[in-house]
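These are my notebook entries on one protein model. I looked up its contacts, its elements and its overall dimensions.

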Amino acid sequence: MSQSHTLLIEAEDKPELLERLLRIVRHRGFRLTHLDMHHTDSNDVVEITLKVESTRPVANLHSQLDKLWDVSHVRLLPQE
């Protein structure tokens, strides 16, 4: 059964950032259902909210996103 998860990502605003995040989501077998991105008070940092679905464990995705050099923090939000 597919489960839905929400991840909050804080990262440096780089031109290639979004493409790299989405590639990891796809390669780890997750389907993106919602994406929201906005700048924080510091213009070089963005907050990205990803909602994904999969039957796979979300810990694998969390771990891979957290390893990206321009990602400073990944947090798994409680399910609604």
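I began with contacts (heavy atoms within 4.5 Å): among those in the protein chain between residues at least 6 apart in sequence, 69% join residues at least 24 apart.

I noted that the model is predicted, so that local features need pLDDT of at least 70 and side-chain atom pairs pLDDT 80 or more, while totals for chains, interfaces and linings use all residues. Residues are numbered from 1 along each chain as its sequence is written, and side-chain values use heavy atoms, without hydrogens and water.

Next I looked up the secondary structure, taken as DSSP runs numbered from the N terminus (helices H or I, at least four residues; strands E, at least two). I found two helices and four strands, in the order β-α-β-β-α-β from the N terminus. The radius of gyration, over C-alpha atoms, is 12 Å, close to the 12 Å of the globule rule for 80 residues, so the chain is as compact as a globular protein of that length; the rule is 2.2 Å times the number of residues to the power 0.38.

I then traced the sheet, counting strands as paired if DSSP finds at least two bridges between them. It is open and antiparallel, ordered β2-β3-β1-β4, with β2 (31-39) and β4 (71-77) as edge strands. Six bridges join β1 (residues 3-12) to β4, and alanine 11 stands opposite valine 71 in β4.

Finally I checked burial (under 20% relative accessible area, 1.4 Å probe, protein chains only): buried residues make up 31% of the 80 residues.

Technical notes: Buried < 20%, exposed > 50% of the residue type's maximum accessible area, 1.4 Å probe, protein only.
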